[in-house]
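Here is a short tour of a protein model for you to explore. Have the sequence and the 3D view open as you read.

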Amino acid sequence: MPVVVHADKCNTCHGAQNPPCVRMCPGDLFMKDPKTGKIIMRDPSECWDCLPCVKVCPQEAIEFKLSYQLGFHTAKLMPHIHDTRDFITWELIDTKGVVDKFTIRTKVLPVELDEKVEGVTAVDFSI
Amino acid sequence: MEQNVIETDILIIGGGTAGCLAAVELKEQYPNLSVTIMEKAHIDRSGCLAGGMNAINAYLNPGETPESFVKYVRFDSCGIVREDLVLTMSELFEYCVKKVEKWGLPILCDEKGNYIPRGRWNIKINGESLKPIIARAAKNVGTKILNWVVATNYIMVNGRVAGAIGFSIRNGNLFVVKAKATIIATGGAAGIYKPNNAHDAQHKTWYCPYNTGAGFAMGIRAGAEMTSFEMRYIGLRVKDTIAPTGTIALGVGAPQINSKGEKFMATKYAHIGGDGAPTPYRSHGPLQEIKEGRGPVFLDTRHITPQQARDLKSAYLDMYPSMVLYWAANEIDPSKEPVEVQTTEPYIVGGHTQSGYWVDVNRKTTIEGLYAAGDVSGGAPYKFVSGCWAEGVIAARAAGEYAQKVEHADVPAELISAERDRVIEPILNFTHKKEGIKPYDMEVRLQKIMEEYAGGAATFYEVNEERLLVARRRLATLPEQFKYIIAEDLHDLMEAHEVIDRVLVAQTLVEHMLFRKETRWPGYCTRTDYTELDDQNWLKFVNTRRDPATGNIEVFTRPYEQIVPGDRYKPR
Ligand SMILES: Cc1cc2nc3c(=O)[nH]c(=O)nc-3n(C[C@H](O)[C@H](O)[C@H](O)COP(=O)(O)OP(=O)(O)OC[C@H]3O[C@@H](n4cnc5c(N)ncnc54)[C@H](O)[C@@H]3O)c2cc1C
Ligand code: SF4
Ligand code: SF4
């Protein structure tokens, strides 16, 4: 279960047509739940564990979990991007709850909450 | 299915590493030309770079030259590479790296402002955001970007590529992009073989699972000449996460050891460089240890300090964050216990190995109007990000020049409607409620055939004539099944075409492996019936061309040419 979207934290980027999580997944794995309108992950087995979705969500609503096949429950890794966009702090929690933090230089470009799709009339990305 | 028709001077298919740099170069050199990128995902985070990078793996550190680079790459590829391609690519490393640094990529420097080397050819970067940085550069120069458009075939008019057709996974529209010149940059192919992990970690592969060999397949269908598919890439990776090991091996100088604690590379492979042996041997060595009962195999990191362990984790966070969580979730401290490694399933890539389009020094393929760059282009291994950038630049310069001399071709309407019918068939199968095959099911079938008969991990990557002939026969029945594939939605439709493409790549690959009757790259493709490297007969490239009319794949050879003098089996 590599990536989990917490429905309580996701505000659907205020009803955006193309929210950042949808744009950033190289495998097109996010979609709008046709029933609830919330963002859901299509299929955990298709996930590459590359994490742009986690890093880009303004609400920090997406959590990365290692699939149970590979590692034990409760361990967590959360990236927090600094307001200056020059640093990223990774919060690592092991299975015993020990917290470790890594602050690394980066260069995060601003992302729009919504984006028009070139050559495509605005459509709902849920199908 | 509505139709969007776009006319552009240059079409770049695949907006990854190579594609973005090609777009920038084109707009800088030829500001009057219109440039369009067709990308199946969103260029801000697509392809291999989606997670980020922690090093530029091909760079000429002080004291190295294009010639010394060729010597090393030739040694690393067991004596055979396209030296002309490797030379021209390395001449542009500096140009590309400086450019990307100017766009904002943080590169680690010492107090004097010099890049920090990691081994002979690597420099360290904070490349977590590398992909958005180059994507922005491509956008800023005025490239038209078609995100979420999956390329399915070239538009072939009188033997020339006159653009390409794709479909949007957002609204299902067919995109017909007519171009004077086309650059293919869709990366290599993952998912041909059964992955190391199954179940909910099926896509936990090393190579980007969304690069599915579309560029190879489009070229194969159009009759382009392909080279060296039999040089499959099988990497040594950290077990389970499949994270790259260079970060550890080069980053903290960790040797390989077997379960008895023996440094087997240093002893058994001393004659070809020990832990510095050519890359295929660094996979073959541990594989033999495991096969002969001395596994598991590790990278010995027990000498590193806690600070070095932290630095290692930081480096992985820039490129492969799941590695760090894996350690935490399994209570592993790499400074206290060695890191277990395993080999990956085989990938077909022109970047680490040299499978792909047969190109000339300008990255022009054998088809008029078509240029290839990056992992989709053959003959020049050891490309990594910087080599892909360089090839994007070279292809852009040549394609730009060509586009100025030609006009748009007239595209027959039947050609477009035939492709539309082919593209949409899996969706129609669903709406007509036909019984059928899901793309995933066919993928697993393909992977099972390849795993068992065409040298997958379970058979230690070994092949022989008889097994390969079974693979050939089994694969030949798959295209007859394409008409039963069902796709419930546009995401499924993309997956349907991914598996169709993969089958063609697999068929071509099997022909290549059957033809080369020697073992040039042990571990990558070990032939149990021809166990030795045979320079007498096989110092040449194995190439294929599929006849678009009959579907027959012709296999033939091209000579190797040595340009840089010296012993081909020595790294200097
Ligand atoms: C996990 C990993 C770590 C790596 N680490 C390093 C490193 O630290 N340093 C280094 O130098 N190199 C590294 N490499 C190698 C390097 O990243 C690749 O060789 C390089 O990015 C390949 O560039 P490319 O342009 O050929 O392919 P990509 O960058 O993958 O681009 C291909 C593009 O084509 C698109 N595409 C695919 N099919 C279609 C289609 N049908 N229609 C439209 N678009 C399509 C894809 O979505 C993608 O955007 C790493 C590779 C991987 C996989
Ligand atoms: S980016 Fe985050 S908040 Fe926005 S739609 Fe996606 S999950 Fe929800
Ligand atoms: S981790 Fe990567 S592949 Fe998985 S959902 Fe996020 S962006 Fe997509």
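## About the model

This is a predicted model, in which local features need pLDDT of at least 70 and side-chain atom pairs count only at pLDDT 80 or more, while totals for chains, interfaces and linings use all residues. Residues are numbered from 1 along each chain as its sequence is written, chains are lettered from A and ligands numbered from 1 in written order, and side-chain values use heavy atoms, leaving out hydrogens and water.

## Where the chains meet

The size of an interface is often given as the accessible area lost when the parts come together. Here chains A and B bury about 5200 Å² between them, with 59% of it on carbon and sulfur atoms (area found with a 1.4 Å probe and summed over both parts). On the side of chain A, Trp48(A), Leu70(A) and Phe102(A) lose the most area to chain B, together 15% of what that side buries.

Contact (heavy atoms within 4.5 Å) involves 60 residues from chain A and 65 residues from chain B.

## Two ligands

Around ligand 2 (a heavy atom within 4 Å) you will find residues including Cys10(A), Cys13(A), Cys21(A) and Cys57(A). By class, this shell has eight nonpolar, three polar and no charged residues. Nonpolar covers Ala, Val, Leu, Ile, Met, Phe, Trp, Tyr, Cys and Pro, charged covers Asp, Glu, Lys and Arg, and the others, Gly among them, are polar.

Now look between chains A and B, where ligand 3 lies. It is surrounded by 13 residues, the closest being Cys25(A), Cys47(A), Cys50(A), Leu51(A) and Cys53(A). The shell of ligand 3 holds 12 nonpolar residues, no polar ones and one charged.

## A covered helix

Helices here are DSSP runs (H or I, at least four residues), numbered from the N terminus. Is α2 of chain B, residues 66–76, mostly covered or mostly open? Helix α2(B) is mostly covered, with nine of its 11 residues buried (under 20% relative accessible area, with a 1.4 Å probe and protein chains only; exposed is over 50%, partly exposed in between). Among the buried ones are Phe69(B), Tyr72(B) and Phe75(B), and the covering parts include α3, α4 and α9 of chain B.

After α2(B) comes Cys78(B), with a positive phi near 55 degrees.

Glu401(B) is in helix α12 of chain B, residues 384–403. Glu401(B) counts as partly exposed because its relative accessibility is 46%.

Note on methods:
Helix = DSSP H or I, 4+ residues; strand = E, 2+ residues; numbered from the N terminus. Buried area = accessible area lost by both parts, 1.4 Å probe.
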